[in-house]
Amino acid sequence: MNKLIYRQCILGSTMASDKEFMMERFRRYYSKNHPYIPTMFKNREFGFMFFDRSFVQRHMAFTSDDALYSFLQTQVPSHSYHSTAYYQYPGAATMEDKQWIGADLIFDLDADHIPGAELMSYDEMLARIKIEVLRLVDDFLLGDLGFDESHLRIVFSGGRGYHIHVSDERVACLKSHERREIVDYIAGNNLNMDWVFPTKTVNITEIKGRVQESRVRCIPPGGSGGWKGKMRIGIAWLIEEMRSLDVKDLRTRLPYLNTYSETLVNGMLKDLYEKRGERSGSDMLLEKNIFDCFTSKRHEDIFLGLLENEVIPRFRCEIDEPVTADIKRLIRLPGSLHGKSGLRVVPMEREDLDDFNPLLDAVPDTYTDREIEVFLKHKVDITIRGKRITGEGICRVPEYAAMFLIGRREATLEFVESLE
C-alpha cells in the first residue's frame, strides 16, 4: 500500500516551496493593492516579518504613502504592523527616543479566548467571535461609552479575530492604568454587587429601647444604563432560564448552583415561582424593583451569586486585556496580508460587519481559481470563496484555497510518494 510521507520528515524541515509559493502571491497582491493609511501616518512606527528572513524589522517610519507601498512591493513581508501610538520620532531606535505623543484605544478580540474554541472549526470560531465584536461595538463603545461611529475602525485581523481602533482625542493621551479601567468596565471585572443592588431601609421598629432596621436590596429601575441596566436585563433572563427546569438540569445549565445543597436550591426556586395568591415572587421582582420575595437570606445570596457568576459573563466581552492597556503596541496594518492565512486584513465600518464573511470577503481577488496540487495533512472540510473544499492526502484545490491551507499549515506542496 502506498504511503505519502512529508519531504520534511525525510530531509528535515524543508518548507522553501511553501514559502516561495505564498511570497509570490503576496508580491502579486501588493503590486495591485495599497494598504489602508492610518491617521497620523508619519508619526507611526512600522514593523514587519518576512517569509525569507528570521528577524523582525521594526523601528521604521515612512515619510510618504508611496514609500510604504514601495517597501511592501519590493520586500514582500509576511506580516505588516503599525504602532497604535504616535511619536515625535517614530523611526528612533529606542522607545524612549521616539517621544510618545499619544495612542489609539485598541481592542483585540481573538477566538482563542472563547471557551471551547479548541473544539470549533475555523469558520465556527469566526462566527462566534463576531458575536463578541458586535457586543463590544454596539453595547459598550457606541452604547455605554458614547464614542461616535466615525471614530471607530473595525478590522478583521486576517487570522482568528478582529481589532477595533478608536481614534478619539479624548482617549489618545490616556495612560495604561486608565485604559485598564476601560478594560475592567467592558470585562465586568470586580463589578461591585452592592453598588448594582444597594440596600434601603423599609421598616424601623423599636423593641425595649433598641432600634431595629429592616433592609431590602433594590433592583435598578427600567431604563438604567451601564452595568445596572445590564444586570436588570440579566434578572429577567435568569428568571426565565430557571422557570421550567429541575435542579439536576439547572446544575448542568448553571454550574454555580453546584456549590449549594439541593434543599437550598429548591428553597430559592420555591421563593421565586410558588404562587402567593395570583402572583409569584418572580412576577413581582421587576415590578417592585426590590428583592423581597426570598424567605431566607441564603436563598437571596444564591440568586445574587447566580447574577454574579452566570449573568455577568453573558454581558461581558472577551477581549485581550493586555492589548488595550499597552500604549506602545504594534497592530496589524489594515489592507495588508496575514502570513499565516493568506487572508486580507480588512478594515470596515459598523454597517459592513453584520454581513462580513472572512472566508469570502477577505480572500484577495488576486488569488486565482487555478488548481494546485497539495498534500492535506488531515481531513479538511471548509468553504472558502463559496466553494466547499474537502479531502485528505493529495488533492487539487484552487489557488485561493491552497494559500489559506498552506498558510495555516494544514497543507503543503512538499510531499513525496513512497512505496511500502
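A: Happy to! One term before we start: two strands pair if DSSP finds at least two bridges between them. Also keep in mind that this is a predicted model.

Q: Good to know. How many bridges are there between β2 and β3, and in which sense do they pair?
A: Strand β2 (residues 46–50) and strand β3 (residues 57–60) pair over 2 bridges, in the antiparallel sense. F48 has Q57 as its bridge partner in β3.

Q: And what joins β2 to β3?
A: A hairpin, which runs through 6 residues.

Q: What about β4, how many bridges join β2 to that strand?
A: There are 5 bridges between β2 and strand β4 (residues 77–83), and the two run antiparallel. Two positions to look at: G47 stands opposite Y81 in β4, and F48 stands opposite S80 in β4.

Q: Which order do the strands of that sheet take?
A: The order is β3-β2-β4-β14, in an open sheet of 4 strands with antiparallel pairing. β3 and β14 (330–332) are the edge strands, since each pairs on one side only. From one strand to the next, the twist averages 30°.

Q: Why is β2 described as largely enclosed?
A: Because 4 of the 5 residues of β2 are buried, the strand is largely enclosed by the rest of the structure. Buried here means under 20% relative accessible area.

Q: Which helix lies across β2, β3 and β4?
A: That is helix α3 (residues 65–75), and its direction is at about 10° to β2.

Q: Let's switch to helix packing. At what angle do α9 and α12 pack?
A: Helix α9 (residues 226–242) and helix α12 (residues 281–288) pack at about 170°, and their axes are 11 Å apart. That makes α9 roughly antiparallel to α12, as angles over 145 degrees count that way.

Q: Which residues make the contact?
A: On α9 they are R232, I235, A236 and I239, and on α12 they are S282, L285 and L286. By class, the contact of α9 with α12 has 5 nonpolar, 1 polar and 1 charged residues.

Q: Which residues of α12 are buried?
A: G281, S282 and L285 are buried in α12. Looking down the axis of α12, you find its buried residues within an arc of 95°, so they line one face of the helix. The buried residues pack against α9, α11 (262–273), β13 (279–280) and α13 (297–315).

Q: What follows α12?
A: N289 does, and its phi is positive, near 60°.

Q: Back to α9. At what angle do the axes of α9 and α13 cross?
A: They cross at roughly 110° and come within 9 Å. The two helices are therefore roughly perpendicular to each other. From α9, the contact includes W227, M231, W237 and M242, among others, and from α13 it includes F303, L306, L307 and F315. By class, the contact of α9 with α13 has 14 nonpolar, 1 polar and 2 charged residues.

Q: I care about backbone torsions too. What is the phi of Q99?
A: Phi of Q99 is near 60°, which is a positive value in a residue other than glycine. Q99 sits in the loop between α4 (95–98) and β6 (100–103), and is partly exposed at a relative accessible area of 44%.

Q: And N190, buried or exposed?
A: N190 counts as exposed, with 75% relative accessibility. N190 is in the loop between α7 (176–187) and α8 (193–196). Although N190 is not a glycine, its phi is positive, at about 55°.

Q: Last one: where is T366, and what is T366 in contact with?
A: T366 is in the loop between α16 (358–361) and β16 (371–384). T366 is buried, with a relative accessible area of 12%. Leaving aside neighbours within four places in sequence, T366 is in contact with R28, Y29, K32, N33 and E399.

Definitions and conventions. Residues are numbered from 1 along each chain as its sequence is written. This is a predicted model: local features need pLDDT of at least 70, side-chain atom pairs count only at pLDDT 80 or more; totals for chains, interfaces and linings use all residues. Side-chain values use heavy atoms; hydrogens and water are left out. Axes are lines fitted to C-alpha atoms, for helices over the stretch in contact, and angles run from 0 to 180 degrees between N-to-C directions. Angles under 35 degrees count as roughly parallel, over 145 as roughly antiparallel, 65 to 115 as roughly perpendicular and the rest as oblique. Contact means heavy atoms within 4.5 Å. Ala, Val, Leu, Ile, Met, Phe, Trp, Tyr, Cys and Pro count as nonpolar, Asp, Glu, Lys and Arg as charged, and the others, Gly among them, as polar. Buried means under 20% relative accessible area, exposed over 50%, partly exposed in between (1.4 Å probe, protein chains only). The arc is that of the directions from the helix axis to the C-beta atoms.
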